[in-house]
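Please open the structure in your viewer and keep the sequence beside it.

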Amino acid sequence: MPENFVIIIPQFNDWEALNLLIQKINADLNAPILKNTTLFIVDDCSSRERSQPFANFGGKEIKVLRLYRNLGHQKAIAIGLSYVAEHMAADKVIVMDADGEDAPADINLLAARSLQEPGKIIFAERNKRTENLLFRSFYVIYKLLFKLLTGKVITFGNFSLVPQNRLQNLVRVSEIWNNYPGGIIRSRIPYDSVLTNRAKRLAGESKMNFVSLVLHGLSAISVLVDTTAVRILIFSIFMSGVAIAFIVFIIFLKLIGNATPGWASTLGSTLMILMLQSFLISLFLVFMVLQYRSQQHFIPAVHYRDFVEKVDTFS
């Protein structure tokens, strides 16, 4: 029996690009997959209404879930997944952006890899990006910082395939509310990836700027904040050891009479103050994280209904 696909597309004021994306899905998706696919759009409380009807989606219905307020891309994805998990029969769920940078033809690659790895979430790993040099440079810095602070490697975004046997697990991962790919890494749900090239935006301008990129990077790192806090504490202890070694060396120079008067005491006291400050801040961060872990968390599958205004169906 053919598998049922649901494509979740979060969007905010991207109606023109979304219409072009629907046309590309019709043209690029394998016929067997397209025949059993439902299009599920999460409207993140757009401030602009559609200026034209939806493009024809193979004669099938298009569902639009409308949110009471703008929550951002990651939360819109979490709500879409939670709604599908509760109300729709889906063997496989595709998450992709509305701007067209996630090429519909790559869904075929995700589906093919899912057949090989049926128990894993499959991500589209970016082999080539189309953004400007400045954006790509900062994106490389973000990936390096993510690895340095968390010990994990992140080479993918939201574009992914979630099999039915992992969907119910995923919507109970509180971290996807903050960052979808980071939440999956944190949850230890098995995942794999396929190499794809990022396509160009179909219409309009990207809403991702420097500030948005920084916020996105921080939200991904915050998902693994307990690991990050411990790694910062370990680094602080290491640097304290280096500072103590310098202080011992300064005392040695002073004792043998090679230190400039006042220089040894000034530098030694400065290093001691910096060492204590960094250690105490790191220790405070660790205790804050441990306190956070004892609190009840937001579970998308349970709490998503508070943000859903209505679900419209278009044919």
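Predicted model: local features only at pLDDT ≥ 70, side-chain atom pairs only at ≥ 80, totals over all residues.

Residues are numbered from 1 along each chain as its sequence is written, and side-chain values use heavy atoms, with hydrogens and water left out.

Now colour the chain by pLDDT, the predictor's confidence in each residue, from 0 to 100. The chain averages a pLDDT of 83, and 90% of the residues score at least 70. Confidence is highest in strand β4 (residues 92–95), at a mean of 95, and lowest in helix α10 (residues 263–293), at a mean of 72. The helices (H or I, at least four residues) and strands (E, at least two) named on this tour are DSSP runs, numbered from the N terminus.

Next, select residues 15–28, which form helix α1. The 14 residues of α1 should span 20 Å at 1.5 Å a residue, and its end C-alpha atoms are 20 Å apart, which agrees; the expected span is 1.5 Å times one less than the number of residues. Among the buried residues of α1 are Trp15, Leu18, Ile22 and Ile25. An α-helix has 3.6 residues a turn, so residues three or four places apart point the same way.

Ser82 counts as buried, at 3% relative accessibility, and, leaving aside residues up to four places away in sequence, Ser82 touches Val171, Pro300, Ala301 and Tyr304, a contact being heavy atoms within 4.5 Å.

The next selection is Ser193, in strand β7 (residues 191–197). Ser193 is buried, with a relative accessible area of 18%. Its side chain makes a polar contact with the side chain of Glu125, at 2.9 Å; such a contact is a pair of N or O atoms within 3.5 Å, where within protein one must be able to donate a hydrogen and the other to accept it, and residues adjacent in sequence count only if both atoms are side-chain atoms. Show Arg113 too: Ser193 and Arg113 are 80 residues apart in sequence, but their C-alpha atoms are 8.1 Å apart in space.

Now display the aromatic rings. A search of the whole structure finds 10 aromatic pairs, which are rings of Phe, Tyr and Trp (its six-membered ring) with centres within 6.5 Å, counted as stacked when the planes are under 30 degrees apart, edge-to-face when over 60 and tilted for the rest. In one of these pairs, the rings of Phe156 and Tyr191 have their centres 5.5 Å apart and their planes at 70 degrees, so the pair is edge-to-face. Because Phe156 lies in strand β6 (residues 156–163) and Tyr191 in strand β7, the pair ties together parts that are 35 residues apart in sequence. Phe156 and Tyr191 also belong to one aromatic cluster with Phe123 and Tyr180.

Finally, select helix α9 (residues 225–255), whose 31 residues reach 44 Å from first C-alpha to last, close to the 45 Å expected at 1.5 Å a residue. Its buried residues include Leu233, Ser236, Ser240 and Ile247.

How values were computed: Buried < 20%, exposed > 50% of the residue type's maximum accessible area, 1.4 Å probe, protein only.
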